[in-house]
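Subject: Structure for you to look at

Hello,

Here is the structure I promised to pass on. Please open it and keep it beside you as you read.

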Amino acid sequence: MEQEFYRGLADRVRTIAEKADPFTRRRLLDLAKLYDTKGGSRPAHSVERPLPLPRTTPPATIFSGPGEV
């Protein structure tokens, strides 16, 4: 029963987030995720983006030399 309550809250918060400004939308969607966790499920339409790969440092040979501009 408690799980259904939190799932319902998550759905209501997502509905409100659709009409909110970008800053508020992000915060409301974070809140909906919290409710999903408490409700014991994750919605199928929730897609997480993978973290970007770390940048590699260019080889030191690019920086060595006579100091051309």
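Below is what was found, topic by topic.

First, some ground rules. This is a predicted model, so local features need pLDDT of at least 70 and side-chain atom pairs count only at pLDDT 80 or more, while totals for chains, interfaces and linings use all residues. Residues are numbered from 1 along each chain as its sequence is written, and side-chain values use heavy atoms, with hydrogens and water left out.

Overall picture. The protein chain has 2 helices and 0 strands. Both kinds of element are DSSP runs numbered from the N terminus: helices are H or I with at least four residues, strands are E with at least two. Of the 69 residues, 19% are buried. Buried means under 20% relative accessible area, exposed means over 50%, and partly exposed lies in between (1.4 Å probe, protein chains only).

The core. The largest nonpolar core holds 9 residues: Tyr-6, Leu-9, Ala-10, Val-13, Ala-17, Ala-20, Leu-28, Ala-32 and Tyr-35. Such a core is a set of buried Ala, Val, Leu, Ile, Met, Phe, Trp, Tyr and Cys residues joined through side-chain atoms within 4.5 Å. Helix H1 (2-17) and helix H2 (22-39) each give two or more residues to this core. H1 has the largest share, with 5 residues. Leaving aside residues up to four places away in sequence, Tyr-35 touches Tyr-6, Leu-9, Ala-10 and Val-13; contact means heavy atoms within 4.5 Å.

Salt bridges. There are 3 in the count. The rule asks for a side-chain nitrogen of Lys or Arg within 4 Å of a carboxyl oxygen of Asp or Glu. Start with Arg-14, which is buried at 15% relative accessible area. Arg-14 bridges to Asp-36, with the closest N and O atoms 2.2 Å apart. That pair links distant parts of the chain: Arg-14 is in helix H1, Asp-36 is in helix H2, and they are 22 residues apart. Asp-36 is buried too. Arg-14 also bridges to Asp-11, at 3.9 Å between the closest N and O atoms. Arg-14 and Asp-11 both sit in helix H1, 3 residues apart, about one turn of the helix. Asp-11 is partly exposed, at 46%. So which residues form a network of salt bridges? They are Asp-11, Arg-14 and Asp-36.

Another salt bridge joins Asp-30 and Arg-26 (3.1 Å, N to O). Asp-30 is partly exposed at 38%, and Arg-26 is partly exposed at 43%.

Best wishes
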